[in-house]
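Please open the model in your viewer and keep the selection tool at hand; we will go from stop to stop.

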Amino acid sequence: MALITSDRARFPNNPWQLVETVHVPGNAGTLETLFSLGNGHLGIRGAHWAAADSELPGSFINGFHETWDIKHAENAYGFARTGQRILYVPDANNFTVIIDGETLSLAESTVLDYRRSLDFATGVYECRVVWQCRSGATVTTTERRAVGYASRGALGISLELAADRDISADVTSSVINRQDQPVEDQSAHDPRRSGRHAGRVLLPVRLDGGDGSLRLSWETAESKQRIGLAVDHWTSAEVQPFDTQVHEDDSSVRYVLAVGADQPFVLEKSVSYAVGQSVEDLTDAAEAALRPVSEIFAESAAHYRDYWTTSDIEVAGQPELQQAVRWNLFQLAQATARADVAGIPAKGVSGSGYEGHYFWDQEVYLLPYLTYTNPANARQVLEFRHAMLPEAKVRAKELSVDGALFPWRTINGLEASAYYAAGTAQFHIAAAIAFATNRYNWASGDTEFQESLGSDLLIETARMWVSLGFFGKDGQFHIHGVTGPDEYTAVVNDNLYTNVMARFNLRAAAALDHPEIDDAERQLWEQAANRMQLPFDEDLQVHSQDNDFMTLEPWDWNMPRSKYPLLLNFHPLVIYRHQVLKQADTVLAMFLQWQEFTAEEKRRAFDFYDPITTGDSTLSACVQGIMAAEVGYGEAALDHFTHALFIDLDDTHGNTIDGVHIASSGGVWSSLVSGFAGLRDQGVVPYFDPRLPAGWDGLSFHLKIRGRLLHVDLEQGFINLTVLEGGPLEVEVRGELLTVDGETLRVTLAPVAAPEPTVFPSGPTTASIPVVRANS
């Protein structure tokens, strides 16, 4: 059921803001995700300040986690041993406001007017509520929040009270340790949701406070990470705090005062976090990084002023889509801007979903965006992966392969996936890291990285592939016992996506001029790549997802929608026996390795796999849309793109409450740049084959590529290219090699005719009735 698009009176379509004009009970947790703030390091959910009005409030710091020993019901060698879970850090966004003896809350008080907004241009959250108090006073509260950028552990909050008459105000500002609050473990009902720890997690190290200031620190019980927190308060009335309390779970500063009709009361709350594994008390480090609230707001505004200059994507003539596009781009900035040398969790820092783990999502779905908008950040993510090499080499030995085997899901470098069939078996994460490395090398021209860390990543992953696979009696190179991106088929032989990406990995490593590679190893990599088995069904003339996929029983597509997502309604073995996909990984392979397949092969693969893909994965719609655009299905491309665009805004997968699907937001960027603008990379030069949707007036964006800033402006029938910074750049547009410089190059684009869709036999719906369906 749609959320944002279902009520445009409540959520007006503003191209630079997400706005809510009426408070309606329900969906509070989802809206806390949609209105969240973050900078890649620190995140704060968009909860209301009153406890009664929040559903899943909290704050997070990227990588701050707890560990525990995984208990397997039936153990086996090489199973993941150490669980990791992102923690709720002590949360500063809490106020209790009592006016003339009445505690204000949206749930219980009378609200005359309400408006809250998330401003994409400044990164500022604002919520303004006009209350009709039981005492007769009309009171307006305005809360504003922003996170720091130059000071990435900083959070600024201001709360203003204004009244139409003299009132008595009692305001308490709190810091709450939400991690150790008793709550239900939702993961028992949905494996996508984060679990909870049984015992206490945050153990107090220092608890000090006085005169409106708090200095607090904790240590995690098992991972031994430490967090320090410094909080200072300032008031416009220069009133002294009535009371300051400190406690391991709830510390507070209280103000009691009279507020005059002509003198609004402003309370500013400056917060600073510091994390590490030092035995030292981190409150001093947090205190040193405290900034005035006004400075934090200014940092945020300055950051986004620079960000949108080169990262905005304008969709001309589509106001309904523009807001959603910018919201997704805003989320990408919030998940990555100050992550520094760290991974990007699957939910960014907007929630605890997927337990704060790093997956292949960051390399395949987020690194394209970072590589072309913020190459320095892209390098930092790859540096983070490189720092995991020692653990990855140990893991490789544990699974009897050479080189490095990166964990499927992790925070600290150790494998945290307890279900190996859909976790450890996804060896393709190695190729994702190699692919992102090669893309960064190609797009940035960063030779220092390419010759050092980049080469390490390519070499060690290539060594893993050549030892994992084998040359069969047919002379082909096979990779058995793996799971591809489609988790509805698991532990298969010769998964096409895995083999295609492994082939790329091997060739990229073999092409390196590196003293560590001898002739024998190089030749082995080349032979394995050249003889890689790519399953192909001769009868259907379609690449098979794996060696056995075409032999599986077709899924019953008359199944009611209430049975989706399948992973919540069927045992994995039931799903594995059927021809049904969570995401179309063969189609994804043909997008990433675009030069390795013919247009006919891509079209037939799309025609076959698109109708049997459930879309249960939020990673699927964007890729299906990109490939629909390439093969010429403009309407299907727009449908898939629109689905991806509103996955969180409309909560179409029912779990936005746990955080933004940040990889899908990355997929939105790729859908626009690689789908409708048709960018393909890692060839000789950047390649464009645009497919602008029929109803769009235009599409424009910037790419940072090889030291240049390239502006791309599409309109119906034309692509305009301009180098705004740097020297001339060679590009290819539909087979024509061109040189772009500071003068706009305008290239005419002929219309692309939609091909006739392939017709495939769908397989029997019963044991005896053959059915034929047309795919489009």
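Which residues in H4 meet which residues in H5? Select both helices and look at the contact, where contact means heavy atoms within 4.5 Å: Leu 332, Ala 333 and Thr 336 in H4 meet Leu 366, Tyr 369 and Leu 370 in H5.

Before we go further, two notes on reading the model. It is a predicted model, in which local features need pLDDT of at least 70 and side-chain atom pairs count only at pLDDT 80 or more, while totals for chains, interfaces and linings use all residues. Residues are numbered from 1 along each chain as its sequence is written, and side-chain values use heavy atoms, with hydrogens and water left out.

**Stop one: the helix crossing**

Stay with H4 (residues 319–336) and H5 (residues 361–373), whose axes come within 12 Å and cross at roughly 90°. H4 is therefore roughly perpendicular to H5, a label for angles of 65 to 115 degrees; under 35 degrees counts as roughly parallel, over 145 as roughly antiparallel and the rest as oblique. The axes are lines fitted to C-alpha atoms, for helices over the stretch in contact, and angles run from 0 to 180 degrees between N-to-C directions. Helices (H or I, at least four residues) and strands (E, at least two) are DSSP runs, numbered from the N terminus. Color the contact residues of H4 with H5 by type and you will find five nonpolar, one polar and no charged. Here Ala, Val, Leu, Ile, Met, Phe, Trp, Tyr, Cys and Pro count as nonpolar, Asp, Glu, Lys and Arg as charged, and the others, Gly among them, as polar.

**Stop two: a covered strand**

Next, select strand E14, residues 167–176. Nine of its ten residues are buried, meaning under 20% relative accessible area, with exposed over 50% and partly exposed in between (1.4 Å probe, protein chains only). Show its partners: strand E8 (residues 91–99) pairs with E14 in the antiparallel sense over seven bridges, and strand E19 (residues 250–259) pairs with E14, also antiparallel, over ten bridges. Two strands pair if DSSP finds at least two bridges between them. For landmarks, find Phe 95 opposite Ser 173 in E14, and Asp 170 opposite Val 256 in E19.

**Stop three: two cysteines**

Now pick Cys 133, in the loop between strand E11 (124–132) and strand E12 (138–147). Setting aside residues up to four places away in sequence, Cys 133 touches Ile 99, Glu 102, Leu 104 and Val 139. Cys 133 is buried at 4% relative accessibility, and Cys 127 is buried at 3% relative accessible area. A disulfide here is a pair of cysteine sulfur atoms within 2.5 Å, and a search of the whole structure finds zero.

**Stop four: an open sheet**

Finally, select the five strands of the open, antiparallel sheet, in the order E21-E30-E31-E32-E35. Its edge strands are E21 (314–316) and E35 (745–748), each pairing on one side only. Within it, eight bridges join E30 (residues 698–705) to E31 (residues 708–715), and Phe 701 stands opposite Val 712 in E31.
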